[in-house]
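Have the structure open as you read.

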Amino acid sequence: MVADSQPGHIDQIKQTNAGAVYRLIDQLGPVSRIDLSRLAQLAPASITKIVREMLEAHLVQETEIQEPGSRGRPAVGLMVETEAWHYLSVRINRGEIHLALRDLSSKLVVEETLPLPLQDPTPFLTRIITHIDQFFIRHQHMLERLTAIAITLPGIIDTENGIIFRMPFYEDVKEVQLGETLSEHTGVPVYIQHDISAWTMAEALFGASRGARDVIQVVIDHNVGAGVITDGRLLHAGSSSLVEIGHTQVDPYGKRCYCGNHGCLETIASVESVLELAQVRMNQSMSSMLHQQPLSVDWLCQAALKGDLLAKDIISGVGTNVGRILAIMVNLFNPQKILIGSPFNQAADILFPAITDCIRQQSLPAYSRHIAVESTQFSNRGTMAGAALVKDALYNGSLLIRLLQG
Ligand SMILES: [Zn+2]
């Protein structure tokens, strides 16, 4: 084929193959070259060549594997070498920036959480770059070779070009060229992803949905959204779009949403909206336990678990509203698993049955019968979501090729 002789195409094949081999070594290692050849469906000579390059770059290392019961010479196995390579994972959310240095096995080296005020005279881009520079200066003595920077945040993002169009909470953010600026500044690739999408990837790679091919992950927090994994791949991974269930209309006569619509799920199920509703309903129910402490998500969940009728009703109301939209998604995507990531998971015993009942009643029985509704393993804070972006770039070969080329 003519296309095969084009260098761009060959580079793409090399990248894909290297990524696939690295993934097998990372997930199965120690693994022999013969097994790699069989599992990756690549000729032994190709495996030898790829592995040689990875050994030279200190991305993999050799180790002895003694087959059980075998008396012969131990076979040579390959494992990933992770400690000599670091990356920075950054998470920006409402009022905070989390910065973490991790090695290539995603093990944490050092992590910090610092305030990032919603309003500040210094431009957003300058503030982020300054935070990153200062973090590197503070932790220079621990830093091994830096491979990449991964950033996760809420907002409308062009992930391919690293542009943040808009962010909730930070009103001065308009078309910020974060990816390109930071990449030029540091000389390493920068991966930017919507926080919910990246979190969905993290659960699939390291957390509660590991091994599942089809997953819906719903986040109920300051914002409401979902990530969908279909046939092992994140839906819309390379684009700016997200599965915007938060802006699906639940109540046509409901409150106006910042997106311009009325009665969106987010105006009903986000943390702020639920607390607002709880406040209104408390004023009508003086006997509720909720009056005993200042209202918060923690207290609402605790009161519900202690049997307070109003608190229970509010939490199951969240479950019903989310469950109704989830029932439609179940019919579309037929997932094996539904993950819920939310501070309301503290009252999972009330929230999850409400969601499950709704799905059972409103979606196809053949699809909903075996669905498990579970909690995410990670929370909406922290930097594991960024770790997933780096792992993904290693597995698809794009970051790996850069590291091989030194
Ligand atoms: Zn909306």
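## Ground rules

This is a predicted model, where local features need pLDDT of at least 70, side-chain atom pairs count only at pLDDT 80 or more, and totals for chains, interfaces and linings use all residues. Numbering starts from 1 along each chain as its sequence is written.

Helices (H or I, at least four residues) and strands (E, at least two) are DSSP runs, numbered from the N terminus. Strands pair if DSSP finds at least two bridges between them.

## The E6 to E10 sheet

Here 5 strands make an open sheet with mixed pairing, in the order E6-E5-E4-E7-E10. Strand E6 (108-115) and strand E10 (190-194) are at the edges with a single partner strand each, so one side of each has no neighbour in the sheet. From one strand to the next, the twist averages 15 degrees.

Look at strand E4 (residues 85-93) and strand E5 (residues 96-103): they're antiparallel and share 8 bridges. In that pair, Arg-91 sits opposite His-98 of E5.

## The E13 to E15 sheet

This one is also an open sheet of 5 strands with mixed pairing, and its order is E13-E12-E11-E14-E15. Its edge strands are E13 (233-234) and E15 (372-375), each pairing on one side only.

Strand E14 (residues 337-341) runs parallel to E15, and 4 bridges join them. Lys-337 faces Ala-372 of E15. Helix H10 (residues 309-333) packs on this sheet, touching E11, E12 and E14, and its direction makes about 155 degrees with that of E11. For such angles, axes are lines fitted to C-alpha atoms (for helices over the stretch in contact), and values run from 0 to 180 degrees between N-to-C directions.

Helix H6 (residues 195-206) lies across E11 (215-220), E12 (224-230), E13 and E14, at about 45 degrees to E12. H6 also lies across E7 and E10, running at about 100 degrees to E10.

What does H6 do with helix H13 (residues 384-395)? Their axes come within 7 Å and cross at roughly 70 degrees. H6 and H13 are therefore roughly perpendicular (65 to 115 degrees). On the H6 side the contact (C-beta atoms, placed from the backbone, within 7 Å) includes Trp-199, Met-201 and Phe-206, while H13 brings in residues including Met-384, Leu-389 and Lys-391. By class, this contact has 11 nonpolar, 1 polar and 3 charged residues, with Ala, Val, Leu, Ile, Met, Phe, Trp, Tyr, Cys and Pro counted as nonpolar, Asp, Glu, Lys and Arg as charged, and the others, Gly among them, as polar.

Methods:
Contact = placed C-beta atoms within 7 Å. Parallel < 35°, antiparallel > 145°, perpendicular 65-115°, else oblique.
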